[in-house]
Amino acid sequence: MCSKPGGSALIGKIPTVYDVATHAGVSIATVSRVFSRPDTVKPATRERVLASVDALGYVPSGSARNLAARRTGVIGLFFPGLDAMDDIADIPFDADRPSTGSATIVRDVSGAVDTRPLNLYFDEVLRGSEVEAWRSGFVLLVGVGRGETAHDTVRDMAGRVDGLIVLAGSASEEELGQLARRIPVVVMAGPRRGDALDHVSVSNTEGMHALVTHLLDDLDVTDLVYVAGSADSPDDLERWDGFRSALLEHGITPPDEPQLRGDFTRDGGRRAGRELLARPTLPRAVVCANDQMALGVIDAARIAEIAVPDALIVTGFDGIDAGRLSTPRLTTVRQPMELLGRAAVQALVRRLADPDRPATSVRLPVEVILRESSERC
(Lines give C-alpha, C1' and ligand atoms only; values in the text may rest on other atoms or scores of the structure.)
Protein backbone atom coordinates (compact mmCIF):
# COMPACT_ATOMS: atom_id res chain seq x y z
CA MET A 1 0.00 0.00 0.00
CA CYS A 2 1.28 3.47 -0.85
CA SER A 3 1.78 6.02 1.86
CA LYS A 4 -0.39 9.11 1.99
CA PRO A 5 0.85 12.41 0.61
CA GLY A 6 3.62 13.75 2.81
CA GLY A 7 4.33 10.27 4.23
CA SER A 8 7.60 8.38 4.25
CA ALA A 9 9.07 6.39 1.40
CA LEU A 10 7.92 2.85 0.71
CA ILE A 11 9.78 0.30 2.77
CA GLY A 12 11.11 -2.90 1.22
CA LYS A 13 9.90 -2.00 -2.26
CA ILE A 14 11.31 0.00 -5.15
CA PRO A 15 8.72 2.71 -5.91
CA THR A 16 7.25 2.74 -9.40
CA VAL A 17 5.50 5.31 -11.55
CA TYR A 18 2.21 3.74 -10.47
CA ASP A 19 3.07 4.40 -6.81
CA VAL A 20 3.87 8.03 -7.60
CA ALA A 21 0.60 8.46 -9.49
CA THR A 22 -1.42 6.98 -6.62
CA HIS A 23 0.51 8.97 -4.01
CA ALA A 24 -0.06 12.25 -5.85
CA GLY A 25 -3.60 11.45 -6.90
CA VAL A 26 -2.94 11.81 -10.63
CA SER A 27 -2.75 9.54 -13.66
CA ILE A 28 0.45 7.83 -14.77
CA ALA A 29 0.26 9.90 -17.96
CA THR A 30 0.51 13.06 -15.85
CA VAL A 31 3.56 11.67 -14.03
CA SER A 32 5.17 10.89 -17.39
CA ARG A 33 4.51 14.43 -18.65
CA VAL A 34 6.08 15.93 -15.52
CA PHE A 35 9.38 14.38 -16.60
CA SER A 36 9.09 14.50 -20.38
CA ARG A 37 7.14 17.75 -20.93
CA PRO A 38 6.86 19.61 -17.62
CA ASP A 39 5.61 22.80 -19.31
CA THR A 40 2.36 21.01 -20.24
CA VAL A 41 1.46 20.27 -16.60
CA LYS A 42 -0.15 22.84 -14.29
CA PRO A 43 2.39 24.17 -11.76
CA ALA A 44 0.37 23.02 -8.75
CA THR A 45 0.00 19.51 -10.15
CA ARG A 46 3.66 19.38 -11.13
CA GLU A 47 4.73 20.39 -7.62
CA ARG A 48 2.45 17.74 -6.09
CA VAL A 49 3.94 15.03 -8.31
CA LEU A 50 7.51 16.12 -7.53
CA ALA A 51 6.69 16.16 -3.82
CA SER A 52 5.48 12.56 -4.13
CA VAL A 53 8.67 11.66 -6.01
CA ASP A 54 10.73 13.04 -3.12
CA ALA A 55 8.56 11.39 -0.49
CA LEU A 56 8.73 7.97 -2.10
CA GLY A 57 12.37 8.16 -3.20
CA TYR A 58 11.32 7.43 -6.76
CA VAL A 59 13.96 7.48 -9.51
CA PRO A 60 12.32 7.98 -12.94
CA SER A 61 13.33 5.53 -15.66
CA GLY A 62 13.20 6.14 -19.36
CA SER A 63 10.20 3.84 -19.70
CA ALA A 64 8.33 5.64 -16.93
CA ARG A 65 8.97 9.08 -18.36
CA ASN A 66 7.62 8.01 -21.71
CA LEU A 67 4.92 5.57 -20.69
CA ALA A 68 2.08 7.82 -21.85
CA ALA A 69 3.68 8.20 -25.29
CA ARG A 70 4.60 4.48 -25.49
CA ARG A 71 8.22 5.41 -26.10
CA THR A 72 11.53 4.47 -24.56
CA GLY A 73 13.13 7.92 -24.72
CA VAL A 74 16.13 6.28 -26.42
CA ILE A 75 17.38 6.71 -29.99
CA GLY A 76 20.01 4.52 -31.61
CA LEU A 77 23.16 5.19 -33.62
CA PHE A 78 24.60 2.23 -35.51
CA PHE A 79 28.15 2.12 -36.86
CA PRO A 80 29.39 -0.74 -39.06
CA GLY A 81 32.56 -1.41 -37.05
CA LEU A 82 35.90 -0.11 -35.86
CA ASP A 83 39.13 0.18 -37.81
CA ALA A 84 41.40 -2.83 -37.41
CA MET A 85 38.92 -4.59 -35.10
CA ASP A 86 40.51 -7.94 -35.89
CA ASP A 87 43.86 -6.65 -34.60
CA ILE A 88 42.64 -5.64 -31.14
CA ALA A 89 44.76 -7.46 -28.57
CA ASP A 90 43.52 -9.06 -25.36
CA ILE A 91 43.49 -6.92 -22.23
CA PRO A 92 47.02 -7.37 -20.78
CA PHE A 93 45.90 -8.15 -17.22
CA ASP A 94 43.58 -10.43 -15.27
CA ALA A 95 40.82 -8.42 -13.59
CA ASP A 96 40.30 -11.21 -11.04
CA ARG A 97 43.87 -10.98 -9.74
CA PRO A 98 45.01 -8.22 -7.39
CA SER A 99 47.62 -5.85 -8.78
CA THR A 100 50.08 -3.58 -7.01
CA GLY A 101 50.41 -1.32 -10.04
CA SER A 102 53.46 -0.46 -12.11
CA ALA A 103 55.05 2.23 -14.27
CA THR A 104 57.24 1.78 -17.32
CA ILE A 105 59.52 4.28 -19.06
CA VAL A 106 59.26 4.06 -22.86
CA ARG A 107 61.80 5.93 -24.98
CA ASP A 108 60.08 7.21 -28.15
CA VAL A 109 62.72 9.37 -29.83
CA SER A 110 63.57 7.28 -32.89
CA GLY A 111 60.74 8.48 -35.11
CA ALA A 112 58.98 5.12 -34.99
CA VAL A 113 55.46 5.19 -36.34
CA ASP A 114 52.57 4.62 -33.95
CA THR A 115 50.34 2.00 -35.56
CA ARG A 116 47.43 2.20 -33.12
CA PRO A 117 44.11 2.58 -35.00
CA LEU A 118 42.16 5.81 -34.55
CA ASN A 119 38.49 6.37 -35.31
CA LEU A 120 38.57 10.14 -35.29
CA TYR A 121 35.75 10.54 -37.80
CA PHE A 122 33.45 8.43 -35.66
CA ASP A 123 34.55 10.33 -32.55
CA GLU A 124 33.37 13.64 -33.99
CA VAL A 125 30.10 12.27 -35.37
CA LEU A 126 29.37 10.55 -32.06
CA ARG A 127 30.04 13.74 -30.10
CA GLY A 128 27.56 15.67 -32.21
CA SER A 129 24.96 12.91 -31.91
CA GLU A 130 25.34 12.81 -28.13
CA VAL A 131 24.99 16.57 -27.79
CA GLU A 132 21.87 16.79 -29.94
CA ALA A 133 20.24 13.77 -28.32
CA TRP A 134 20.76 15.36 -24.91
CA ARG A 135 19.40 18.70 -26.14
CA SER A 136 16.33 16.92 -27.48
CA GLY A 137 15.66 14.98 -24.28
CA PHE A 138 16.75 11.56 -25.56
CA VAL A 139 19.32 9.02 -24.45
CA LEU A 140 21.67 7.83 -27.22
CA LEU A 141 22.30 4.10 -27.58
CA VAL A 142 25.36 3.32 -29.72
CA GLY A 143 25.77 -0.05 -31.42
CA VAL A 144 28.75 -1.39 -33.36
CA GLY A 145 28.56 -4.39 -35.65
CA ARG A 146 30.84 -5.91 -38.21
CA GLY A 147 30.51 -8.73 -40.70
CA GLU A 148 27.94 -11.33 -39.66
CA THR A 149 27.26 -9.57 -36.35
CA ALA A 150 26.07 -6.35 -38.00
CA HIS A 151 22.69 -7.78 -39.03
CA ASP A 152 21.92 -9.10 -35.55
CA THR A 153 23.14 -5.94 -33.83
CA VAL A 154 21.06 -3.51 -35.85
CA ARG A 155 17.93 -5.66 -35.50
CA ASP A 156 18.44 -5.93 -31.75
CA MET A 157 18.88 -2.17 -31.48
CA ALA A 158 15.65 -1.59 -33.42
CA GLY A 159 13.73 -3.35 -30.66
CA ARG A 160 15.18 -1.11 -27.95
CA VAL A 161 14.87 2.40 -29.37
CA ASP A 162 12.27 4.85 -30.66
CA GLY A 163 14.23 5.55 -33.83
CA LEU A 164 17.53 4.62 -35.41
CA ILE A 165 20.36 6.41 -37.24
CA VAL A 166 22.32 4.07 -39.50
CA LEU A 167 25.63 4.89 -41.18
CA ALA A 168 25.21 4.45 -44.94
CA GLY A 169 26.52 1.16 -46.24
CA SER A 170 26.26 -0.64 -42.91
CA ALA A 171 22.88 -2.19 -43.74
CA SER A 172 21.32 -3.22 -47.04
CA GLU A 173 18.49 -1.24 -48.61
CA GLU A 174 16.19 -4.20 -48.02
CA GLU A 175 17.10 -4.31 -44.33
CA LEU A 176 16.68 -0.56 -43.96
CA GLY A 177 13.23 -0.85 -45.51
CA GLN A 178 12.29 -3.58 -43.05
CA LEU A 179 13.52 -1.52 -40.11
CA ALA A 180 11.66 1.57 -41.32
CA ARG A 181 8.38 -0.34 -41.17
CA ARG A 182 8.90 -0.71 -37.41
CA ILE A 183 10.58 2.53 -36.35
CA PRO A 184 11.79 5.78 -37.97
CA VAL A 185 15.19 5.40 -39.67
CA VAL A 186 17.63 8.12 -40.74
CA VAL A 187 20.56 7.26 -43.02
CA MET A 188 23.75 9.16 -42.29
CA ALA A 189 26.55 9.96 -44.78
CA GLY A 190 24.87 8.60 -47.86
CA PRO A 191 22.65 10.02 -50.63
CA ARG A 192 19.14 8.78 -51.27
CA ARG A 193 19.15 5.95 -53.78
CA GLY A 194 15.49 5.34 -54.52
CA ASP A 195 14.35 4.88 -50.92
CA ALA A 196 11.88 6.95 -48.93
CA LEU A 197 14.06 7.50 -45.85
CA ASP A 198 15.50 10.70 -44.40
CA HIS A 199 19.15 11.20 -45.36
CA VAL A 200 21.85 13.45 -43.92
CA SER A 201 25.17 13.65 -45.77
CA VAL A 202 27.98 16.03 -46.73
CA SER A 203 29.04 17.45 -50.09
CA ASN A 204 31.53 14.68 -50.88
CA THR A 205 31.53 15.02 -54.66
CA GLU A 206 31.65 18.82 -54.62
CA GLY A 207 34.43 18.89 -52.02
CA MET A 208 36.70 16.44 -53.83
CA HIS A 209 36.01 18.15 -57.15
CA ALA A 210 37.03 21.53 -55.68
CA LEU A 211 40.22 20.12 -54.15
CA VAL A 212 41.37 18.38 -57.34
CA THR A 213 40.49 21.45 -59.41
CA HIS A 214 42.78 23.49 -57.13
CA LEU A 215 45.63 21.03 -57.70
CA LEU A 216 45.10 21.15 -61.47
CA ASP A 217 44.55 24.89 -61.93
CA ASP A 218 46.54 26.54 -59.16
CA LEU A 219 49.43 24.10 -58.69
CA ASP A 220 49.66 22.86 -62.32
CA VAL A 221 49.50 19.23 -61.22
CA THR A 222 48.56 16.80 -63.98
CA ASP A 223 49.80 13.48 -62.55
CA LEU A 224 47.50 12.42 -59.68
CA VAL A 225 46.83 9.08 -58.00
CA TYR A 226 43.72 8.40 -55.93
CA VAL A 227 43.85 6.25 -52.78
CA ALA A 228 40.34 4.93 -52.17
CA GLY A 229 38.66 3.76 -49.00
CA SER A 230 36.32 0.80 -48.65
CA ALA A 231 34.70 -0.33 -51.89
CA ASP A 232 31.24 -0.46 -50.29
CA SER A 233 31.38 3.07 -48.85
CA PRO A 234 28.91 5.58 -50.35
CA ASP A 235 31.22 8.40 -49.21
CA ASP A 236 34.11 6.86 -51.11
CA LEU A 237 32.05 6.46 -54.26
CA GLU A 238 31.02 10.13 -54.18
CA ARG A 239 34.57 11.32 -53.58
CA TRP A 240 35.83 9.13 -56.42
CA ASP A 241 33.19 10.69 -58.67
CA GLY A 242 34.43 14.16 -57.68
CA PHE A 243 38.03 13.16 -58.47
CA ARG A 244 37.10 11.72 -61.86
CA SER A 245 34.87 14.61 -62.91
CA ALA A 246 37.58 17.19 -62.15
CA LEU A 247 40.09 15.28 -64.29
CA LEU A 248 37.64 14.85 -67.15
CA GLU A 249 36.85 18.57 -67.16
CA HIS A 250 40.57 19.22 -67.68
CA GLY A 251 40.94 16.74 -70.51
CA ILE A 252 42.64 14.08 -68.39
CA THR A 253 41.31 10.52 -68.68
CA PRO A 254 41.06 8.95 -65.22
CA PRO A 255 41.35 5.19 -64.61
CA ASP A 256 38.12 3.20 -64.49
CA GLU A 257 38.83 2.13 -60.91
CA PRO A 258 41.03 3.50 -58.11
CA GLN A 259 44.58 2.21 -58.40
CA LEU A 260 45.09 1.91 -54.65
CA ARG A 261 42.89 1.24 -51.62
CA GLY A 262 43.62 1.89 -47.98
CA ASP A 263 40.29 0.97 -46.32
CA PHE A 264 40.09 4.35 -44.57
CA THR A 265 42.80 3.41 -42.02
CA ARG A 266 46.19 4.99 -41.39
CA ASP A 267 47.87 1.61 -41.63
CA GLY A 268 46.11 1.05 -44.97
CA GLY A 269 47.45 4.42 -46.11
CA ARG A 270 50.97 3.36 -45.18
CA ARG A 271 50.60 0.18 -47.23
CA ALA A 272 49.30 2.15 -50.20
CA GLY A 273 52.13 4.65 -49.76
CA ARG A 274 54.78 1.92 -49.72
CA GLU A 275 53.30 0.38 -52.87
CA LEU A 276 53.26 3.74 -54.59
CA LEU A 277 56.81 4.63 -53.56
CA ALA A 278 58.09 1.30 -54.89
CA ARG A 279 57.07 2.29 -58.44
CA PRO A 280 59.75 3.49 -60.88
CA THR A 281 58.29 7.01 -61.01
CA LEU A 282 56.28 9.01 -58.50
CA PRO A 283 53.07 10.88 -59.26
CA ARG A 284 53.08 14.57 -58.40
CA ALA A 285 50.13 14.24 -56.05
CA VAL A 286 48.37 11.57 -54.00
CA VAL A 287 44.69 12.33 -53.34
CA CYS A 288 43.32 10.23 -50.49
CA ALA A 289 39.66 9.55 -49.72
CA ASN A 290 40.17 10.41 -46.04
CA ASP A 291 42.70 11.98 -43.69
CA GLN A 292 43.82 8.83 -41.93
CA MET A 293 44.99 7.28 -45.20
CA ALA A 294 46.68 10.55 -46.18
CA LEU A 295 48.59 10.59 -42.88
CA GLY A 296 49.62 7.00 -43.57
CA VAL A 297 50.98 8.01 -46.99
CA ILE A 298 52.94 10.83 -45.30
CA ASP A 299 54.32 8.27 -42.82
CA ALA A 300 55.53 6.09 -45.70
CA ALA A 301 57.04 9.09 -47.49
CA ARG A 302 58.89 10.19 -44.36
CA ILE A 303 60.37 6.73 -43.83
CA ALA A 304 61.45 6.64 -47.49
CA GLU A 305 62.89 10.17 -47.15
CA ILE A 306 60.53 11.56 -49.79
CA ALA A 307 59.83 15.24 -49.09
CA VAL A 308 56.21 16.35 -48.80
CA PRO A 309 55.17 18.50 -50.66
CA ASP A 310 58.39 19.19 -52.61
CA ALA A 311 58.56 15.69 -54.13
CA LEU A 312 55.05 14.51 -53.38
CA ILE A 313 51.82 16.39 -52.64
CA VAL A 314 49.45 14.55 -50.29
CA THR A 315 45.84 15.50 -49.57
CA GLY A 316 43.03 14.03 -47.47
CA PHE A 317 39.35 14.41 -46.70
CA ASP A 318 37.54 14.88 -43.33
CA GLY A 319 39.43 17.55 -41.39
CA ILE A 320 40.35 15.53 -38.29
CA ASP A 321 42.56 17.15 -35.65
CA ALA A 322 45.45 14.79 -36.42
CA GLY A 323 45.79 16.41 -39.85
CA ARG A 324 46.03 19.86 -38.29
CA LEU A 325 48.78 18.66 -35.96
CA SER A 326 50.78 16.53 -38.41
CA THR A 327 54.14 17.43 -39.97
CA PRO A 328 53.59 18.74 -42.55
CA ARG A 329 50.05 19.84 -41.76
CA LEU A 330 47.56 18.13 -44.04
CA THR A 331 45.67 19.77 -46.90
CA THR A 332 42.16 18.38 -46.70
CA VAL A 333 38.47 18.81 -47.38
CA ARG A 334 36.98 19.55 -43.99
CA GLN A 335 33.51 18.15 -43.48
CA PRO A 336 31.33 19.18 -40.49
CA MET A 337 31.53 15.84 -38.70
CA GLU A 338 30.02 16.98 -35.41
CA LEU A 339 27.27 18.84 -37.26
CA LEU A 340 26.59 15.69 -39.28
CA GLY A 341 25.80 13.81 -36.07
CA ARG A 342 23.65 16.65 -34.76
CA ALA A 343 21.74 16.99 -38.04
CA ALA A 344 21.02 13.26 -38.13
CA VAL A 345 19.57 13.36 -34.62
CA GLN A 346 17.51 16.44 -35.51
CA ALA A 347 16.11 14.64 -38.55
CA LEU A 348 15.17 11.64 -36.42
CA VAL A 349 13.52 13.79 -33.75
CA ARG A 350 11.47 15.57 -36.41
CA ARG A 351 10.43 12.22 -37.85
CA LEU A 352 9.35 10.99 -34.41
CA ALA A 353 7.25 14.12 -33.92
CA ASP A 354 5.68 13.88 -37.39
CA PRO A 355 5.83 10.34 -38.82
CA ASP A 356 3.92 11.32 -41.97
CA ARG A 357 6.12 14.22 -43.05
CA PRO A 358 7.77 13.90 -46.50
CA ALA A 359 11.24 12.35 -46.54
CA THR A 360 14.05 14.90 -46.64
CA SER A 361 17.69 14.97 -47.73
CA VAL A 362 20.10 17.32 -45.98
CA ARG A 363 23.48 17.86 -47.65
CA LEU A 364 25.95 19.79 -45.51
CA PRO A 365 28.64 22.06 -47.02
CA VAL A 366 32.38 21.36 -46.83
CA GLU A 367 35.55 23.50 -46.95
CA VAL A 368 38.84 22.92 -48.79
CA ILE A 369 41.64 23.65 -46.28
CA LEU A 370 45.02 24.31 -47.91
CA ARG A 371 48.04 23.49 -45.74
CA GLU A 372 51.70 22.59 -46.02
CA SER A 373 51.25 19.05 -47.42
CA SER A 374 50.38 20.71 -50.74
CA GLU A 375 51.54 24.31 -50.38
CA ARG A 376 55.23 25.17 -50.38
CA CYS A 377 56.02 27.65 -47.60
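1. His 23 is buried, at 3% relative accessibility. The cut-off for that label is under 20% relative accessible area. This is a predicted model, and the remarks below should be read with that in mind. His 23 sits in helix α1, which spans residues 17-24. Its side chain makes a polar contact with the side chain of Ser 52, at 2.7 Å.

2. The rest of α1 gives the setting for His 23. Six of the eight residues of α1 are buried, and the helix is mostly covered. The buried residues of α1 are Val 17, Asp 19, Val 20, Ala 21, His 23 and Ala 24. Just after the helix comes Gly 25, with a positive phi of about 70°.

3. Next, the six-stranded sheet. The sheet is open, its strands are ordered β2-β1-β3-β4-β5-β11, and the pairing is parallel. At the edges are β2 (139-144) and β11 (361-364), each of which pairs on one side only. Neighbouring strands in this sheet are turned against each other by 20° on average, with direction ignored. Strands of a sheet pair through backbone hydrogen bonds, in either a parallel or an antiparallel sense.

4. Going along the sheet from β2, strand β1 (residues 74-79) is joined to β2 by six bridges, and the two run parallel. Phe 79 has Val 144 of β2 as its bridge partner. Towards β3, β1 pairs in the parallel sense over four bridges, and here Leu 77 is partnered with Ile 165 of β3. Phe 79 also takes part in an aromatic cluster, in which ring pairs link Phe 79, Tyr 121 and Phe 122.

5. Is β3 enclosed or open to the outside? Five of the five residues of β3 are buried, so the strand is largely enclosed by the rest of the structure. In a regular strand, side chains alternate between the two faces of the sheet. In β3, Gly 163, Ile 165 and Leu 167 point one way, while Leu 164 and Val 166 point the other way, and all are buried. Four bridges join β3 to β4, again with the strands running parallel; Leu 167 stands opposite Met 188 in β4.

6. A helix covers part of this region. Helix α7 (residues 173-180) lies across β3 (163-167) and β4 (185-188), and runs at about 145° to β4. The loop between β4 and β5 (198-202) holds Asp 195. Asp 195 counts as partly exposed, at 22% relative accessibility. Glu 173 and Asp 195 are 22 residues apart in sequence, with their C-alpha atoms 7.7 Å apart in space.

7. A separate set of strand pairings involves β6, β8 and β9. Four bridges join β6 to β8, which run parallel, and in this pairing Val 227 has Cys 288 of β8 as its partner. Three bridges join β8 to strand β9 (residues 313-315), also in parallel, with Ala 285 partnered by Ile 313 of β9. In β8 (residues 285-288), Ala 285 and Val 287 point one way and Val 286 and Cys 288 the other way; all of these are buried.

8. The aromatic pairs come to a count of five. What makes the pair of Tyr 226 and Trp 240 tilted? The ring centres of Tyr 226 and Trp 240 are 5.1 Å apart and the planes lie at 50°, so the pair is tilted. Tyr 226 belongs to strand β6 (residues 224-228) and Trp 240 to helix α9 (residues 234-249), so this pair ties together parts that are 14 residues apart in sequence. Tyr 226 is buried at a relative accessible area of 2%, and Trp 240 is buried at 8%.

9. Tyr 226 also forms a tilted aromatic pair with Phe 243, at 5.0 Å centre to centre and 45° between the planes. With Tyr 226 in β6 and Phe 243 in α9, the pair ties together parts that are 17 residues apart in sequence. Both Tyr 226 and Phe 243 are buried.

10. One further ring contact deserves a mention. Arg 239 lies over the face of Phe 317, at 3.9 Å from the ring centre.

Technical notes
Residues are numbered from 1 along each chain as its sequence is written. This is a predicted model: local features need pLDDT of at least 70, side-chain atom pairs count only at pLDDT 80 or more; totals for chains, interfaces and linings use all residues. Side-chain values use heavy atoms; hydrogens and water are left out. Two strands pair if DSSP finds at least two bridges between them. Axes are lines fitted to C-alpha atoms, for helices over the stretch in contact, and angles run from 0 to 180 degrees between N-to-C directions. Contact means heavy atoms within 4.5 Å. Buried means under 20% relative accessible area, exposed over 50%, partly exposed in between (1.4 Å probe, protein chains only). A polar contact is a pair of N or O atoms within 3.5 Å; within protein, one must be able to donate a hydrogen and the other to accept it, and residues adjacent in sequence count only if both atoms are side-chain atoms. Rings of Phe, Tyr and Trp (its six-membered ring) pair if their centres lie within 6.5 Å; planes under 30 degrees apart count as stacked, over 60 as edge-to-face and the rest as tilted. A charge sits over a ring if NZ of Lys or CZ of Arg is within 6 Å of the ring centre and within 35 degrees of the ring normal.
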